[in-house]
Amino acid sequence: MNFTRRDALILGAGAATVALLPVQAFASPVDDAIAAFTGGAATTEGGIELTAPEIAENGNTVPVSVSAPGAVSIILISTGNPVPDVCTFNFGALSGSQFGSTRIRLAGTQDVIAVAKMADGSFVQTSSVVKVTIGGCGG
Amino acid sequence: MAVGVKPRVKVPKTAAAGDVITIKTLISHKMESGQRKDSDGNKIPQSIINTFTCDFNGQNVMSVELHGAISTNPYFQFKATVPESGDFNFTWYDDDGSVYTETKSIAVG
């Protein structure tokens, strides 16, 4: 079969359309994870602080801490892991300050997103890029 | 039941009433993420601690929902207000149904 330039263009256009379709049909898993936490409400910046290393040599244990004064719960979401959810902190009556620190796994260089639900029902969001040298998901 | 699970918790022994203290917890657990494959290429099923809670005299301090992206030997550091003397109860819930607990007392005075 002879492949003319015109055939190649048509094929390419068709493939591109197919590739784009799922993106339009479904939101990304990360957006879904955020929406599941916020219930679809919009988030604003500020009022939340996420501390993560700029460069993590070992993706198996990346120390992160998050703090959002006045929050009732904070969710951590990874944008590059097979499963976006990392963990959710829920603060109770005797919580001294809305602060949590833990160690997480990151599959590769990616953004880590923190979304906090405030006591008044609003949501704030922040993110931090972590460069990962060795991924933490196993082979 | 996962083997060799041992909770470790660091809480100050004393505090003044109303003080905010820092609590550090660590529990040895392999936290199988569900993403790894064994030598035959089969996925190893997920087996993690899915929930951690901390209570003081029956009142909730905080709880955490864990997913596969939490590292082996999950570690948490957080802050608690101490209104009176009493006990901190720490509870970890495993996917396999096991529950691990640890209690630490604190004296106010």
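Which residue of β7(B) stands opposite T53(B)? In this predicted model, the residue opposite T53(B) is T91(B) in β7(B). The close-up views below show this pairing and others.

**Figure 1. A six-stranded open sheet built from strands of chains A and B.** The strands follow the order β2(A)-β4(A)-β7(A)-β6(B)-β3(B)-β1(B), and their pairing is antiparallel. At the edges stand β2 (49-51) of chain A and β1 (7-10) of chain B; each has a single partner strand, so one side of each is left without a neighbour in the sheet. On average, and with direction ignored, neighbouring strands of this sheet are turned by 20° against each other. Strands of a sheet pair through backbone hydrogen bonds, in either a parallel or an antiparallel manner.

**Figure 2. Antiparallel pairing of β4 and β7 in chain A.** Six bridges connect strand β4 (residues 62-67) of chain A with strand β7 (residues 95-104) of chain A. Within this view, R103(A) in β7(A) is the residue opposite P63(A).

**Figure 3. Pairing of β4 with β7 in chain B.** Strand β4 (residues 49-56) and strand β7 (residues 86-94) of chain B run antiparallel and are joined by seven bridges. T53(B) faces T91(B) of β7(B) across this pairing.

**Figure 4. The hairpin of β7(B) and β8(B).** Strand β8 (residues 99-108) of chain B runs antiparallel to β7(B), with eight bridges between them. T91(B), which stands opposite T53(B), has T101(B) as its bridge partner in β8(B). Four residues lie between the strands of the hairpin, in which G97(B) adopts a positive phi near 95°.

Note on methods:
Residues are numbered from 1 along each chain as its sequence is written. Chains are lettered from A and ligands numbered from 1 in the order in which they are written. This is a predicted model: local features need pLDDT of at least 70, side-chain atom pairs count only at pLDDT 80 or more; totals for chains, interfaces and linings use all residues. Side-chain values use heavy atoms; hydrogens and water are left out. Two strands pair if DSSP finds at least two bridges between them. Helices (H or I, at least four residues) and strands (E, at least two) are DSSP runs, numbered from the N terminus. Axes are lines fitted to C-alpha atoms, for helices over the stretch in contact, and angles run from 0 to 180 degrees between N-to-C directions.
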